[in-house]
Amino acid sequence: MTAAEKYDGVWVFSENPAVARELLSKGRELSGKLGTHLAAVALGENVSETSKELISFGADKVYAVQDPSLKAFEVHPYSDVLTEMAKAYRPDVILIGATRSGLELAARVAERLKTGCCTECSKLGIDPDRKCVVVDRLILGGNITETLIIRNKPQIFTLPKGAFQPLRKDPNRTGEIVQVQPKTAESPVKVVGRKPKQFAGVRIGDAEAIVSFGRGLKKKEDIPIIEELAKTINGVVGCSRPVAEDLKWLPIDQYVGLSGQKVAPKLYLACGISGQIQHITGIQNARVVVCVNTDSKAPIFEYADYGIVGDLYKVVPALTEAFKQLSSHK
Amino acid sequence: MPNIIVLAKQVFYTQDLRIDRTNKKLVTEGVARVISESDKNAIEEAVRLKEKLGGKITVLTMGPAQAKEALREAIAMGADEGYMLTGPEFENSDAHATAAALAAGIRKIGQFDVILCGETSEDQYSFQVGPRVAEILNLPQITYAVKITLQDGKALVERSLEDSYETVESKLPAFITVSREINEPRLPTLMAIMAASKKPMTAWTVADIGLKPNELGREGSLTEPLRSAVATGERKRILIQGEPKEAADKLASTLIGEGVVKVT
């Protein structure tokens with residue numbers, strides 16, 4: 001392979017700065033194992049501050065691309081720029097944050113580069129023999145884990161928000177900032193309006209603690225039992241898919257699962273949830289999972305760190321009381 | 001009057017899939033095959049657009065022989081005709097090879113103003129096929145639609161993002177993926193399902209759409225599956241014993257000890 005054909009470096013990109021910091025943390029690990037550098041791509045109207053920030057969170061190099069057309073994420077200009085850069089600088093690996101925008105960007109860029117892409121990866125490591133990235137992803141409703149590699153370069157992966165802890169910010173860290181002049185074309189899709197989502201309930205995506213309930217809760221009037229526990233531990237209330245979709249007891253954006261919210265709290269407490277794979281897939285990135293269920297054979301016990309076999313109507317109030325006691329002892 | 005092509009995939013009804021714990025195998029026997037959920041929303045949206053504006057709806061699918069049922073269901077919902085890409089060459093295609101096949105099928109169908117499909121399939125959850133087809137056909141890409149208006153040769157689309165709704169405008173033809181919240185798909189009547197059998201359905205092989213077998217299937221894929229296994233959690237699985245109060249006390253101290261709960 002001649003130098004021009006060589007692919008080198010791990011790149012990270014997310015339009016969401018918090019996700020970009022998480023990707024840098026995983027990127028450091030991968031670039032270390034591959035013996036290569038870690039670069040971040042910053043796109044925007046003005047990215048000088050962002051670029052410094054990306055270096056302080058672990059990037060060796062930042063490709064800084066500034067243009068008014070890149071002010072906010074739009075899939076066409078962003079795909080154009082990322083594709084052209086990948087052709088010019090030939091990274092070995094590109095990690096993209098699996099936001100809604102990141103997903104559509106990754107697929108469009110991968111197709112234009114005629115390369116493979118693995119989205120929604122649950123695990124990502126290095127195959128030591130092939131010297132390439134190897135990932136696990138869940139398919140068929142989360143029942144099966146498929147292990148894959150990408151045959152072409154660059155290898156593109158999307159990683160979910162909240163899956164990795166960012167590195168500690170080091171303001172003294174130094175790195176190279178490469179200014180890139182983008183070739184931009186007019187986007188065929190024009191943004192004509194944006195309005196914030198009115199969340200009918202609480203936003204569970206950013207919560208540190210979630211107390212979630214399923215069909216084990218017998219009636220809507222009993223939800224305060226769950227709310228009381230959530231309040232005590234400074235958490236929010238979530239639910240399983242049937243509670244939101246069939247019973248409609250909570251708004252649709254409050255259910256956790258593969259097709260609902262994928263959450264990454266420090267604590268996920270599942271009350272009266274049997275643990276359908278659809279639900280489990282939504283809590284893969286929770287740090288600690290706890291379950292309370294009357295049925296000791298419920299699958300949720302397989303996917304929990306701590307389980308109590310018991311009636312949630314007794315255990316949940318007892319837990320609320322226990323936390324209240326512990327806090328008053330402080 | 002818009003010509004609409006809808007891409008739809010037949011999948012196992014994932015909620016009924018389960019693992020046989022004795023032999024650690026996926027049980028697919030007796031599990032229904034259905035149109036993937038958001039693809040069904042795409043069919044419904046096409047039918048609603050046709051009810052308003054007229055035009056024609058063509059459904060394209062890729063899959064084994066029984067995928068014909070998906071076409072029949074789509075027609076029963078209100079589509080006019082269906083095409084399926086079928087044959088052993090199409091099996092084991094990844095998102096890229098699938099998109100290549102669908103794009104070739106679309107070119108063969110010919111005329112269209114809008115292509116619709118679901119934002120992702122229920123079985124693979126890759127979110128890739130729509131944008132990849134849009135790229136191959138060099139079409140404007142509009143994802144996660146929750147409202148579609150077609151007028152004056154343009155599409156006005158409201159998109160659902162994490163924190164916001166974004167409204168975009170694009171010239172036609174355009175490629176649009178839809179989110180599940182866009183509509184509630186209708187249940188076709190038995191009469192409509194029976195009548196659908198008489199509507200035109202055409203099966204195309206790899207040769208019919210002008211691709212080479214090595215552009216499809218495992219060979220034409222850019223990703224390579226190394227192995228697959230029953231998914232297992234990597235959790236501690238510690239059961240906390242005792243009467244409710246005793247167990248709750250133990251659990252509360254453990255969680256505070258782990259630093260995952262801060263009581264104030």
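Helices here are DSSP runs of H or I, at least four residues long and numbered from the N terminus. Everything shown comes from a predicted model.

**View 1. Val109(A) sits in helix H4 of chain A, residues 100-112.** Count the C-beta atoms inside 10 Å of Val109(A) and you get 27 neighbours, so this residue goes down as buried. Leaving out anything up to four places away in sequence, Val109(A) touches Ser79(A), Leu82(A), Thr83(A) and Ile156(A). Glu120(A) is eleven residues from Val109(A) in sequence, with 16 Å between their C-alpha atoms.

**View 2. The largest nonpolar core has 117 residues.** Touching the most other members are Ala40(A), Leu95(A), Cys271(A), Val289(A), Val290(A) and Leu319(A). Helix H8 of chain A (residues 312-328) supplies the largest share of this core, at seven residues.

**View 3. Val290(A) touches a residue of chain B, Leu251(B).**

**View 4. Helices H3 (residues 95-109) and H4 (residues 129-136) of chain B pack with their axes 9 Å apart.** The angle between H3(B) and H4(B) is about 50°, and the pair is therefore oblique. The crossing of H3(B) and H4(B) is right-handed. On the H3(B) side the contact includes Ala95(B), His96(B) and Leu102(B), while H4(B) brings Val129(B), Arg132(B), Val133(B) and Ile136(B).

Technical notes. Residues are numbered from 1 along each chain as its sequence is written. Chains are lettered from A and ligands numbered from 1 in the order in which they are written. This is a predicted model: local features need pLDDT of at least 70, side-chain atom pairs count only at pLDDT 80 or more; totals for chains, interfaces and linings use all residues. Helices (H or I, at least four residues) and strands (E, at least two) are DSSP runs, numbered from the N terminus. A residue is buried if 20 or more other C-beta atoms lie within 10 Å of its own, exposed if 12 or fewer, and partly exposed in between; C-beta atoms are placed from the backbone. Two residues are in contact if their C-beta atoms, placed from the backbone, lie within 7 Å. A nonpolar core is a set of buried Ala, Val, Leu, Ile, Met, Phe, Trp, Tyr and Cys residues joined through C-beta atoms within 7 Å. Axes are lines fitted to C-alpha atoms, for helices over the stretch in contact, and angles run from 0 to 180 degrees between N-to-C directions. Angles under 35 degrees count as roughly parallel, over 145 as roughly antiparallel, 65 to 115 as roughly perpendicular and the rest as oblique. A crossing is left-handed if the near helix is turned anticlockwise from the far one by less than a right angle, and right-handed if clockwise.
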